[in-house]
Amino acid sequence: MSAMPPKLMKAVEISKPGGPEVLKPVERPVPVPGQGEVLIKVVAAGVNGPDLMQRKGLYPAPPGASDLPGLEVAGVVVAAGDKAKRWKVGDKVAALTNGGAYAEYCAADAQHCLPIPKGIALRDAAGLPETYFTVWSNVFIGAGLAAGETFLVHGGAGGIGTTAIQLAKAFGSKVIATDSPSERCAICRDLGADRVIDYKQEDFVEAVREAGGANVILDIVGGANIEKNFKAASHDCRIIQLAFAAGSKVEINLMPVMLKRLTYTGSTLRTRPAAFKARVAQELEAKVWPLIESGKIRVVTGKTFPLAEAAQAHALMESAQHTGKIVLLVGDDSC
């Protein structure tokens, strides 16, 4: 049986909008789980692109959510609110959160928690929820990627990319990935990409066209990639924009959208309805968790940092030199 949580906890807050240096260690009251929520003693928390946007003042927490950054955790349930079904004190879970993960304790919707896949350490499981919920909801639910279709993913060696490559391959799609330099391209190839393009050495548009065009495209780059994606797309291609590392303001020719019947969309996960995220959790547990447990899909943790070094973790993510997921180590799994 776990001990009662303390009244105060260590956390990292955004002291003001700005660069990584605005992330400051603080003490905060331990949150109290609301109806349908569980309180998790955090072992590890994933670092994601939306955390960087929130730190810059571009992605505020939704009403009622913690102002602390962090959208995913793995840890041990230490308390549960009324109507929190399934989970009990002592259960180890990975959870998607609306904020508050950069802390020793975090409250999460019980329906957005998942069991830890067998054989996966808690520190690695912390990097699962945000990217898997994101890729599954956009690529499979939204775009309907099907077996036999060609899937183009940009930034294949990053957190989203390593997840997307493996999921698309596991469900029977042909995968083309872009990245640079050669070391990052090798990671994409190792994870199963059928064709890997070093975008600094080769025009991905021509390469994808030679392969017959892409049916679904997942892009985190934006900028010049937006118009290039239109050119690389096959007819009826579904293009998903999840981030704009190279900028969101561009002048483009939209004629291909009409001529090729393209669908161009994007989304943010945190503002999706709770019921939708609960659906995604159920589908992941049923369809994807068994693939992780069998070793068909690998969990790719790139680098870990102590919670107090969250600023260094953000600096690494902004440098675009990381591979896989960046994870903050918060505590151990004894509770």
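Is arginine 86 buried or exposed? Arginine 86 counts as exposed, at 52% relative accessibility. The model is predicted. This briefing covers its salt bridges, its charge-over-ring contacts and its aromatic pairs. The salt-bridge count comes to 15. The search of the whole structure also finds 5 aromatic pairs.

**Arginine 86 and glutamate 285**

- Arginine 86 and glutamate 285 meet through their side chains in a salt bridge, at 2.7 Å from N to O.
- Arginine 86 lies in the loop between strand 4 (72-80) and strand 5 (92-96), and glutamate 285 lies in helix 9 (residues 274-293), so the pair ties together parts that are 199 residues apart in sequence.
- The relative accessibility of arginine 86 is 52%, and the cut-off for exposed is over 50%, so arginine 86 falls in the exposed class.
- Glutamate 285 has a relative accessible area of 26%, so this residue is partly exposed.

**Aspartate 91 and lysine 88**

- A salt bridge joins the side chains of aspartate 91 and lysine 88, with an N to O distance of 3.2 Å.
- Aspartate 91 is buried, at a relative accessible area of 16%.
- Buried means under 20%, which is why a value of 16% places aspartate 91 in that class.
- Lysine 88 counts as exposed, with 55% relative accessibility.

**Glutamate 206 and arginine 209**

- Glutamate 206 forms a salt bridge with arginine 209, and their closest N and O atoms are 3.6 Å apart.
- Both residues lie in helix 6 (residues 204-210).
- Glutamate 206 and arginine 209 are 3 residues apart, about one turn of the helix.
- Glutamate 206 is partly exposed, with a relative accessible area of 39%.
- Arginine 209 is also partly exposed, with a relative accessible area of 44%.

**Salt-bridge network**

- Salt bridges link Glu13, Arg28 and Asp67 in a network.

**Charges over rings**

- Arginine 270 places its charged end over the ring of tyrosine 59, 4.5 Å from the ring centre.
- Arginine 272 has its charged end over the ring of phenylalanine 276, and the distance to the ring centre is 3.9 Å.

**Aromatic residues**

- Trp136, Phe140 and Phe171 form one aromatic cluster.
- The number of aromatic pairs found across the whole structure is 5.

Key: Residues are numbered from 1 along each chain as its sequence is written. This is a predicted model: local features need pLDDT of at least 70, side-chain atom pairs count only at pLDDT 80 or more; totals for chains, interfaces and linings use all residues. Side-chain values use heavy atoms; hydrogens and water are left out. Rings of Phe, Tyr and Trp (its six-membered ring) pair if their centres lie within 6.5 Å; planes under 30 degrees apart count as stacked, over 60 as edge-to-face and the rest as tilted. A charge sits over a ring if NZ of Lys or CZ of Arg is within 6 Å of the ring centre and within 35 degrees of the ring normal. A salt bridge is a side-chain nitrogen of Lys or Arg within 4 Å of a carboxyl oxygen of Asp or Glu. Helices (H or I, at least four residues) and strands (E, at least two) are DSSP runs, numbered from the N terminus. Buried means under 20% relative accessible area, exposed over 50%, partly exposed in between (1.4 Å probe, protein chains only).
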